[in-house]
Amino acid sequence: MPGILAKSLKTGILTEANPFGRPVSFGFPVIDFNRCTACEACVRACPTGAIQATTAVPTRRVLSLSYAACIQCGECVTACGDQAVSVSTGVEIAVYSREQLAQAASFDVDPSSAKCTFRQVDVEPGLGLSESAERLRARIRGRLGRSLHVRQVDAGSCNGCELEIAAITNPFYDLERFGIHLVASPRHADVLLVTGPVTRNMEIALRRTYEAAPEPRVIVAVGACGCSGGIFGEGTYAAIGGVDRVVPVDVYIPGCPPTPHAILNGLLVAMGVREGRGGGATGRI
């Protein structure tokens, strides 16, 4: 026993004091639309269709990027000859809707040369981050208190997200210092933390788990698969797709997989302690 105590004193406190202040080693792509020429090299390189280009009229092209489907492979960064795509290092990426994980920009197309010139960043309709945060706080106000009980639901994950969720329980991240506890039953849970594209074999199980959780239940979709179906897509023979195709989602945490820091941040967003930000924590996508 004296040896164990001596080793503990020598080791000291390992828990990260501020899990949100350290940049991650890999993040999401960030497009500098002012440098972009909409050449579509990044579109062709993206394996999940997270980056798309559409031409509504011959003189206008729209380039869009969605973090919901992004698996952070970095292919778009390599493919961009204009060096308009870089990588963010932030962890505050949780948002309240799929639309808030996406951004689109319009480009004017010169008919003679087919050269594209940046015109503007398009504003998506719907609630903004602040309005969404207030709506969530109003629904959970006075019900969750300063603690949160979480039931994790694997709806078809490859277990990549599960490894990161397990990591937030270790002494380094220590989710319980924030009053967050994992529970075994949805009947004891305030939050359902759902991973994976919802497979057709798990659809009924997820619905029953959702119905078993008491109100005001908060649903958090984790990972690219949980947010959009990821590399498995949506509406396939084996998978329905994102969690919101089966149950309503309150908070989205993108990533493949999201880091423990991002998951912790997303849970605090679900508690109403922190506000969703999106945009790779850079304020832009």
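Predicted model: local features only at pLDDT ≥ 70, side-chain atom pairs only at ≥ 80, totals over all residues.
Contact here means heavy atoms within 4.5 Å. Residues are numbered from 1 along each chain as its sequence is written, and side-chain values use heavy atoms, leaving out hydrogens and water.

**Serine 228**
- Not counting residues up to four places away in sequence, serine 228 touches Ala68, Ala69, Arg98, Gly233, Glu234 and Gly242.
- Serine 228 is buried, with a relative accessible area of 10% (buried is under 20%, exposed over 50%, partly exposed in between, using a 1.4 Å probe and protein chains only).

**Salt bridges**
- The whole structure has 14 salt bridges, each a side-chain nitrogen of Lys or Arg within 4 Å of a carboxyl oxygen of Asp or Glu.
- Aspartate 108 pairs with arginine 60, their closest N and O atoms 3.3 Å apart.
- Aspartate 108 also pairs with arginine 119, again at 3.3 Å between the closest N and O atoms.
- Aspartate 108 is partly exposed at 28% relative accessibility, and arginine 60 is partly exposed too, at 27%.
- Glutamate 134 and arginine 141 meet in a salt bridge at 3.1 Å, N to O; glutamate 134 is partly exposed at 40%, while arginine 141 is exposed at 52%.

**Confidence**
- Mean pLDDT is 89 for the protein, and 95% of its residues reach 70 or more.
- Over residues 280–285, though, pLDDT is below 50.

Notes: pLDDT = per-residue confidence, 0-100.
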